[in-house]
Amino acid sequence: EKCRSLFRAFDTGSQNVVKVKDFLLGMAALQPCVPHGGMPAEIRCRYIFRYYNKNSDGILKREELEAIVADIFECKGRQLTAKDLEEETDKAMKLFGNEENTGVSLADFLSAVGSLKFRGTSLLFRLPHDFTGGLDAKMNNLGAVGSDVPDVAPRRVRRP
């Protein structure tokens with residue numbers, strides 16, 4: 001299930017295809033060092049929204065928001081009882097101005113998270129460790145050493 005959710009989050013064009021660029025941007029959003037403020041926060045929140053929006057309809061249903069609430073508390077090291085989860089989800093629905101349980105749109109989600117009305121999303125959609133740390137060693141194991149792996153792509157020289 002988590003693989004499907006990650007695929008859905010990375011599939012920014014909703015085309016059932018994850019392109020290399022989508023994969024790399026998604027992996028960057030998962031990095032533990034990416035700040036959860038300003039523009040990176042909005043980008044991460046869009047990934048979080050797609051991750052939990054199981055049917056990709058652009059609306060978080062109550063059970064999808066419930067999963068977010070449960071995961072936030074789990075990241076904080078706290079397991080909620082069914083009753084507590086229902087109460088916390090009710091509170092969240094009210095924060096989003098949705099007491100009728102009709103769902104939460106992406107715009108409402110971004111607004112509530114951005115204005116710090118809905119807290120805890122900075123804990124979600126994170127890798128436990130920086131995934132780039134071992135890339136140099138892995139490249140060396142493949143036989144790429146020193147100048148074989150340039151830090152910057154070489155510039156093209158224009159000729160008149």
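Tutor: Helices (H or I, at least four residues) and strands (E, at least two) are DSSP runs, numbered from the N terminus. The model is predicted, so local features need pLDDT of at least 70 and side-chain atom pairs count only at pLDDT 80 or more, while totals for chains, interfaces and linings use all residues. Residues are numbered from 1 along each chain as its sequence is written, and side-chain values use heavy atoms, with hydrogens and water left out.

Student: Where is the place of leucine 24?
Tutor: Leucine 24 belongs to helix α2, which covers residues 20-30.

Student: What makes Val20, Phe23 and Leu24 a nonpolar patch?
Tutor: Patches are made of residues with over 30% relative accessible area and no salt bridge; like charges are joined within 9 Å, and nonpolar side chains (Val, Leu, Ile, Met, Phe, Trp, Tyr) within 5 Å. Val20, Phe23 and Leu24 form such a patch on the surface, with about 310 Å² of accessible area together. Accessible areas come from the Shrake-Rupley method with a 1.4 Å probe, and for residues only the protein chains shown count as cover.

Student: Why is cysteine 33 called exposed?
Tutor: Buried means under 20% relative accessible area, exposed over 50%, and partly exposed in between (1.4 Å probe, protein chains only). Cysteine 33 has 60% relative accessibility and therefore counts as exposed. Cysteine 75, at 44%, is partly exposed.

Student: How many disulfides are counted?
Tutor: A disulfide is a pair of cysteine sulfur atoms within 2.5 Å. By this rule the count is zero.

Student: What makes the contact of arginine 4 and glutamate 1 a salt bridge?
Tutor: A salt bridge is a side-chain nitrogen of Lys or Arg within 4 Å of a carboxyl oxygen of Asp or Glu. For arginine 4 and glutamate 1 the N to O value is 4.0 Å, and the pair is a salt bridge. Seven salt bridges are counted by this rule.

Student: Which residue forms a salt bridge with lysine 54?
Tutor: Glutamate 1 does, the closest N and O atoms being 3.3 Å apart. This pair links distant parts of the chain, 53 residues apart: glutamate 1 is in the segment before α1 (2-10), and lysine 54 is in the loop between α3 (38-52) and β1 (59-60).

Student: Why is glutamate 42 called partly exposed?
Tutor: Its relative accessibility is 32%, so glutamate 42 counts as partly exposed. Glutamate 42 meets arginine 46 in a salt bridge of 2.8 Å, N to O.
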